Amino acid sequence: MHIADAALLVTAGLAAGTLNAVAGGGSLITFPAMIAAGLPPVSANVSNSVSVFPGYAASVAGSRAELPRGRELVALLPTTVLGTVAGTVLLLATPARAFELVVPFLVLGATAVLAFQGPLRRFVGHPRDRSTRHRTVWVQAMVALAAVYGGYFGAALGVMVVAGLALVLDASLVRVSAIKNLISAVVGLTTLVVFALFGPVNWVAVAVVAPATLVGGYAGARLLPRLPPMVLRTVIVAFGTVIGLYLLWRTRS
């Protein structure tokens, strides 16, 4: 790998790790960077999924004080693993083009849910007004859908998780973002195992990008509690909109 390509990947990894911890969507920095460094698209997608895991893990460490305690959080982990495995199987066994056509609308839809969370909550009811069982079913469903998406593509996973959980959880956006970091880390670990065994991973690119995402992920998670809720929501919605429009433009090109 040329020095210029390595420098590009390190810079992309730092930026992606920070962005993933705060808002999500960092993969849309590292994935194009890997393409620019000469990796084929499928190898770049798989290698990117493996590379961003350390950043997710670091963001969990940085935001652990915001994580809730209890069995409800632990109960989300098997759902996350199973959903991610299903997504990786879709990626490895089906044509990517069909799903790529759907991805922009998923991202834009998730962003709209977060942007209009207040009116939507008034329409569907506030989480505190629902029974515990009802809330649990909805949270599990949101996590399962996000995990399938994360296993298949992964870009803007954080936006989708925050949007879904903010609608069904009675929690602050900072706490929801901390839960998002944990779910993203589990998705990342699962894809790492599956793709390391069955996917065309470029381990040289991973070795360059992964440490950079580790540093960026921890830095972004430490920044997270300092952001006012309105600023945090605006950042996530802005990035989600840009990412969704970029993906939509890419399907037309």
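Start with the largest nonpolar core, which has 47 residues. Select Tyr149, Leu165 and Ile183, the residues with the most contacts inside this core. A nonpolar core here is a set of buried Ala, Val, Leu, Ile, Met, Phe, Trp, Tyr and Cys residues joined through side-chain atoms within 4.5 Å. Buried means under 20% relative accessible area, exposed over 50%, and partly exposed in between (1.4 Å probe, protein chains only).

The model is predicted: local features need pLDDT of at least 70, side-chain atom pairs count only at pLDDT 80 or more, and totals for chains, interfaces and linings use all residues. Residues are numbered from 1 along each chain as its sequence is written, and side-chain values use heavy atoms, with hydrogens and water left out.

**Stop 1: Leu165.** Keep Leu165 selected and show what touches it. Leaving out residues up to four places away in sequence, Leu165 touches Val139, Met142, Val143, Val176, Ile179 and Ile183. Contact means heavy atoms within 4.5 Å.

**Stop 2: Ala166.** Now pick Ala166, in helix α10 (residues 157–168). Is Ala166 buried or exposed? Ala166 counts as buried, because its relative accessibility is 3%. Ala166 and Leu192 are 26 residues apart along the chain, and their C-alpha atoms are separated by 27 Å.

**Stop 3: Ser51.** Move to helix α3 (residues 41–51), where Ser51 has its place. Ser51 has 0% relative accessibility, so it counts as buried. Which residues is Ser51 in contact with, leaving aside its neighbours within four places in sequence? They are Met34, Ala205, Val206, Val209, Ala210 and Thr213. Then select Val201. Ser51 and Val201 are 150 residues apart in sequence, yet 9.7 Å apart in space, C-alpha to C-alpha.

**Stop 4: the whole chain.** Zoom out and colour by secondary structure. The protein chain has 13 helices and 0 strands. Helices (H or I, at least four residues) and strands (E, at least two) are DSSP runs, numbered from the N terminus. The radius of gyration, taken over C-alpha atoms, is 17 Å, close to the 18 Å that the globule rule gives for 253 residues, so the chain is as compact as a globular protein of that length. That rule is 2.2 Å times the number of residues to the power 0.38. Of the 253 residues, 52% count as buried. Residues 24 or more positions apart account for 82% of the contacts with a separation of 6 or more.
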